[in-house]
Number of protein chains: 2
Amino acid sequence: MTDRLLMGPGPSNPYPDAVAAFGRPMLGHMDPEFIGIMDETMDRLRQVFRTTNPLTLPVSGTGSAGMEACFVNLVECGDTVIVGANGVFGDRMCEVARRCGAEVVRIEEEWGRALDPQRLLDAQAQHPHARLVAVVHAETSTGVRNEVAPLRALQDTDTLFVLDTVTSLAGIPLEVDGWGVDAVYSGTQKCLSVAPGLSPVSFSPRAVERITSRTVPVQSWYLDLGLIANYVAGASRVYHHTAPVSMVYSLHAALGVVLEEGLENVWARHQRVGDLLQSQLPELGFTLLAEEGHRLPDLTTAWIPEGLDDAGVRRTLLTEYGIEVAGGLGAFAGKAWRIGCMGHTARERSVVALMGALREILGA
Amino acid sequence: MTDRLLMGPGPSNPYPDAVAAFGRPMLGHMDPEFIGIMDETMDRLRQVFRTTNPLTLPVSGTGSAGMEACFVNLVECGDTVIVGANGVFGDRMCEVARRCGAEVVRIEEEWGRALDPQRLLDAQAQHPHARLVAVVHAETSTGVRNEVAPLRALQDTDTLFVLDTVTSLAGIPLEVDGWGVDAVYSGTQKCLSVAPGLSPVSFSPRAVERITSRTVPVQSWYLDLGLIANYVAGASRVYHHTAPVSMVYSLHAALGVVLEEGLENVWARHQRVGDLLQSQLPELGFTLLAEEGHRLPDLTTAWIPEGLDDAGVRRTLLTEYGIEVAGGLGAFAGKAWRIGCMGHTARERSVVALMGALREILGA
């Protein structure tokens with residue numbers, strides 16, 4: 001067995017308590033004791049999402065299943081949806097929306113730059129009947145934090161606000177209720193520091209109302225939130241699928257770690273560690289990629305120094321030093337790196353280990 | 001923490017090696033070492049499915065996600081699909097197919113009785129352009145084993161053969177290639193004795209050809225097998241979602257346990273333990289429910305004795321003896337029990353423990 005310091009875009013190294021929880025004896029998914037753990041997990045999720053939404057639960061799939069759950073439940077064929085696209089995950093939202101039969105209005109921004117939220121609000125003003133505006137809070141492909149709090153203004157319209165928080169939940173400040181987010185999804189393998197496999201989601205009362213007033217059933221039975229909510233959170237727990245019991249144990253435990261440290265302390269730790277990394281990378285010839293003022297602390301992107309052998313150095317880091325970092329996606333492939341400091345990995349010691357290894361490899 | 005003897009319809013008690021594997025250090029989902037584990041997992045799945053299908057992999061969701069993956073990939077709007085319906089999971093297939101826009105031809109049989117495979121073949125003869133015939137091998141809601149080997153005759157038609165093996169894989173004889181099954185899905189939490197959370201699937205070359213010749217994209221991006229296959233099994237491993245790394249570790253380990261014991265020995269053990277349970281239940285006044293000759297050994301259904309307090313006795317079993325059994329679904333609620341002896345739970349000692357506890361509770 002090999003172990004790694006996981007400084008890629010996820011999975012991060014799990015919190016030790018999240019690993020230990022996998023050893024908890026298996027319970028039936030309808031066992032009152034498991035239902036208690038699930039209830040507590042949903043309550044803890046509400047705390048990290050900063051929401052009082054009753055419909056807050058872990059979808060039984062990875063972050064992309066959470067994305068799809070938002071679109072298939074909220075969108076009906078022929079709806080207009082407005083999507084901010086400045087990276088891989090904005091593009092993915094466009095594609096998922098199209099497969100729901102949506103007319104997609106794509107608000108594009110250059111990769112590495114943040115979207116101006118006013119452009120999304122303007123697009124909504126031009127398409128006042130748009131079903132939703134969707135945007136990525138933290139773009140894992142570019143290291144950019146989009147400013148999304150101003151989209152709270154959508155609360156004064158009939159258009160819902162959908163937010164991807166896969167790389168922001170429990171890493172950087174996020175206020176689901178404070179920002180008027182109607183539907184939000186995340187993943188477990190980033191700042192929550194759990195294995196990949198679950199997607200925490202939360203839906204506002206007006207999003208729920210939109211779902212219950214659909215005229216056509218949700219195209220996905222597996223991701224039909226009406227059925228899932230009756231199973232996971234309903235008074236009578238009507239059988240739908242079988243919840244991933246052990247993954248829920250692990251998520252439950254990791255949320256406990258986060259809340260014990262204190263959510264704001266966790267945010268501050270991610271910021272401090274990200275700042276440290278971003279202050280040191282230029283010393284080795286890296287150039288920070290994401291727009292200044294919009295850099296994620298938990299996922300740093302940087303242009304690699306000229307002449308550095310991208311794949312070769314990453315391979316040496318992995319095999320000789322046990323450290324994983326990731327290459328760039330799309331146009332950034334071969335030219336940039338993505339370095340994660342997420343969850344349990346967001347420690348000063350991770351930055352020290354990476355910089356030490358890089359100094360040795362580069363002879364700097 | 002509470003532990004249980006899990007004799008419901010799943011999850012079963014995991015193989016100890018499957019639990020231990022959760023402790024394996026986290027690896028990146030693109031780490032060459034994880035890719036090796038995934039490759040080995042797919043190879044082991046081929047062995048338990050008894051297939052050489054290259055497209056054999058664990059879908060990142062529970063068994064119902066595997067069901068949906070089969071239908072959304074193989075069915076296009078307006079297709080006719082023929083579904084055998086003699087329990088909850090046949091009904092679920094009808095519903096999932098309908099949401100794909102299919103015209104469903106429902107071949108119904110009374111709950112507790114097996115479907116005559118000739119009726120499914122006759123329906124195909126009446127609807128020769130049907131896209132697929134789908135049937136459940138082991139109905140978890142009724143304890144019935146449907147005879148499906150004769151559906152091999154569908155290989156001589158243009159209609160695909162889809163099989164639900166959620167409660168049969170690694171529990172009772174199953175021959176995917178030998179029976180000419182074109183698409184098959186299962187779950188991890190039954191006879192594979194892993195936590196719920198993954199759905200092993202396998203697709204024949206002619207099913208793959210059907211998928212690649214689609215005229216409309218698969219409605220689900222998350223379950224699009226073209227994208228998943230490129231990620232999980234393609235030469236260049238194109239990023240799609242993030243595989244549930246720890247769940248794959250656990251599945252990999254459990255498959256190792258099954259193959260080390262020998263698949264046929266595992267089948268024999270399930271049969272032996274099921275026979276033992278079914279020979280003893282009548283002594284306590286239970287009446288076996290499923291049609292004789294079609295009783296699953298791994299999931300026994302029985303009418304409870306008259307006057308027995310269904311919920312009360314099950315609660316006592318759970319809280320006093322730590323044993324979970326399940327009540328009936330649908331019309332069987334309050335009248336029948338479902339008792340699983342699956343995977344690691346399929347041991348004579350499980351039957352001894354359950355019968356001993358029941359004798360005490362019933363004063364028999």
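# Briefing: a predicted two-chain model

M30(A) sits in the loop between α1 (16-21) and α2 of chain A; helices (H or I, at least four residues) and strands (E, at least two) are DSSP runs, numbered from the N terminus. This is a predicted model, in which local features need pLDDT of at least 70, side-chain atom pairs count only at pLDDT 80 or more, and totals for chains, interfaces and linings use all residues. Residues are numbered from 1 along each chain as its sequence is written, while chains are lettered from A and ligands numbered from 1 in the order in which they are written.

- M30(A) is partly exposed, with 17 other C-beta atoms within 10 Å. A residue is buried if 20 or more other C-beta atoms lie within 10 Å of its own, exposed if 12 or fewer, and partly exposed in between, with C-beta atoms placed from the backbone.
- The C-alpha atoms of M30(A) and T242(A) are separated by 8.9 Å, although the two residues are 212 residues apart along the chain.

**Chain A overall**

- Chain A has 11 helices and 15 strands.
- Its radius of gyration is 20 Å, close to the 21 Å that the globule rule gives for 364 residues, so chain A is as compact as a globular protein of that length. The radius is taken over C-alpha atoms, and the rule is 2.2 Å times the number of residues to the power 0.38.
- Along the principal axes, the C-alpha atoms of chain A fill a box of roughly 65 × 55 × 30 Å.
- Of the 364 residues of chain A, 59% are buried.
- Among contacts in chain A with a separation of 6 or more, 71% come from residues 24 or more positions apart. Two residues are in contact if their C-beta atoms, placed from the backbone, lie within 7 Å.

**Helix α2 of chain A**

- The 18 residues of α2(A) (residues 32-49) should span 26 Å at 1.5 Å a residue, and the end C-alpha atoms are 26 Å apart, which agrees. The expected span is 1.5 Å times one less than the number of residues.
- F34(A), I37(A), M38(A), T41(A), M42(A), R44(A), L45(A), V48(A) and F49(A) are the buried residues of α2(A).
- They cover an arc of only 165° around the axis, which puts them on the same side of α2(A). The arc is that of the directions from the helix axis to the C-beta atoms.
- G36(A), D39(A) and D43(A) are exposed on the other side of α2(A).
- The packing partners of the buried residues of α2(A) are β2 (55-59), β9 (183-185), β10 (199-203), α7 (225-232), α8 (245-261) and α9 (263-280) of chain A.

- Five of the five residues of β5(A) (residues 132-136) are buried.
- L132(A), A134(A) and V136(A) point one way from β5(A), and V133(A) and V135(A) point the other way.
- In a regular strand the side chains alternate between the two faces of the sheet.
- β3 (residues 80-85) of chain A runs parallel to β5(A), joined by three bridges. Two strands pair if DSSP finds at least two bridges between them.
- I82(A) in chain A stands opposite V133(A) in β5(A).
- β5(A) also pairs with β8 (residues 160-164) of chain A, in the parallel sense over five bridges. Here L132(A) stands opposite L160(A) in β8(A).
- T80(A) belongs to β3 of chain A. T80(A) is partly exposed, with 19 other C-beta atoms within 10 Å.
- Beyond its neighbours within four places in sequence, T80(A) is in contact with residues including A102(A), E103(A), H127(A) and R131(A).

- The contact takes 47 residues from chain B and 47 residues from chain A.
- On the chain B side, α3 (63-74), α4 (88-99) and α8 (245-261) each give two or more residues.
- That side divides into 20 nonpolar, 18 polar and nine charged residues. Ala, Val, Leu, Ile, Met, Phe, Trp, Tyr, Cys and Pro count as nonpolar, Asp, Glu, Lys and Arg as charged, and the others, Gly among them, as polar.
- P117(B), L120(B) and Q124(B) are buried in α5 (residues 117-126) of chain B. They cover an arc of only 60° around the axis, which puts them on the same side of α5(B).
- An open sheet of four strands in chain B has the order β11-β12-β15-β14, with antiparallel pairing. Its edge strands are β11 (287-288) and β14 (326-327) of chain B.
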